[in-house]
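Trainee: I am new to this structure. Could you walk me through the terms used for it?

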Amino acid sequence: MHLGDLASVGPFFALRTDAGAGGPDGPPGPGYLPLAEPAVRARVATVAERLGTADRRVAASIAFQGIAGRLFSIALGFAVLTGHVPDLSGPALWWHPARTAPDDLWLPRPAALPHGTDPVPPIATSVLHDRLASLHHLTRAVVPISGRLLWGNAASSLAGSLRVLHTWCLAQGRPEDAARAITVTRALFEDPLLRDTGTLTTRGGPSFRRRSCCLYYRVPSGGMCGDCVLRSR
């Protein structure tokens with residue numbers, strides 16, 4: 001399986017890897033930006049418009065949760081299904097803030113990170129402590145929002161990636177990969193950035209109950225998510 005083949009698991013696992021027209025250092029196509037502050041500002045504005053909300057905190061929350069879900073899905077899916085961890089932390093990864101999965105992320109020159117038998121450390125380093133920590137800081141610089149809330153969003157996204165991947169693996173007759181997905185995710189939840197965000201359970205299938213709220217209930221016609229802390233209050 002190649003990195004571009006992860007779309008078979010679901011759109012959040014997909015990543016464009018075809019060669020772009022921007023040359024070795026330029027954007028691969030119109031509208032694609034580095035994962036920096038201009039892209040975050042544009043994404044927050046796009047999400048606010050699509051949700052029909054003037055509350056920028058809600059838009060920033062959902063925007064961060066979406067990109068966290070994309071990064072975790074790609075890293076977890078590829079690590080579990082191939083044994084390799086893609087490098088999602090370098091400048092070669094581009095983001096189109098006006099598009100949604102699978103066309104929002106583009107990595108024209110994919111490369112795998114070096115690691116031993118355990119994919120958890122490189123995922124934690126490249127996704128959590130590099131890419132998401134940077135986006136966490138940028139999001140809070142663009143919109144004043146709780147840092148704890150954003151890490152809760154990241155944890156919820158990781159749990160959602162696990163549920164989709166686990167279900168797919170079982171449906172494809174790959175129980176060992178389904179078990180590996182749980183093992184890797186459990187280890188990631190031991191990271192200090194995610195450890196206190198909620199409770200992950202795996203009996204009867206993966207489920208998660210978070211200790212924060214993503215604010216989606218503030219969206220017109222919105223509601224509470226399945227893992228929302230408000231459901232237990």
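Predicted model: local features only at pLDDT ≥ 70, side-chain atom pairs only at ≥ 80, totals over all residues.

Mentor: Residues are numbered from 1 along each chain as its sequence is written, and side-chain values use heavy atoms, with hydrogens and water left out.

Trainee: Why does Pro38 count as exposed?

Mentor: Exposed means over 50% relative accessible area, buried under 20%, partly exposed in between (1.4 Å probe, protein chains only). Pro38 has 54% relative accessibility, so Pro38 counts as exposed. Pro38 sits in helix α1, residues 37–51. Helices (H or I, at least four residues) and strands (E, at least two) are DSSP runs, numbered from the N terminus.

Trainee: What makes β6 and β7 a pair?

Mentor: Two strands pair if DSSP finds at least two bridges between them. Here 4 bridges join β6 to β7 (residues 207–210), and the two run antiparallel. Thr201 stands opposite Ser207 in β7. The hairpin has 5 residues between the strands, and Gly204 takes a positive phi near 75° there.

Trainee: Which side chains of β6 are buried?

Mentor: Gly198 and Leu200, which point to one face of β6 (residues 198–201).

Trainee: What makes a space a cavity, and what makes it a pocket?

Mentor: On a 1 Å grid over the protein atoms alone, a cavity is a set of points where a 1.4 Å probe fits but cannot get out. A pocket is an open set with protein on both sides within 12 Å along at least five of seven lines. Lining residues have an atom within 4 Å of a point. Grid points are joined across faces, edges and corners, and a volume is the space filled by probe spheres set on the points.

Trainee: How many cavities of 30 Å³ or more does the structure hold?

Mentor: The structure holds 1. The largest cavity has about 40 Å³ of space. Val40, Phe64 and Trp95 are among its lining residues. α2 supplies the largest share, 4 residues.

Trainee: What space lies in the largest pocket?

Mentor: About 260 Å³. The largest pocket is lined by 16 residues, with Ile62, Gln65, Gly66, Cys214 and Cys225 nearest its centre. α1 gives the most to this lining, with 4 residues.
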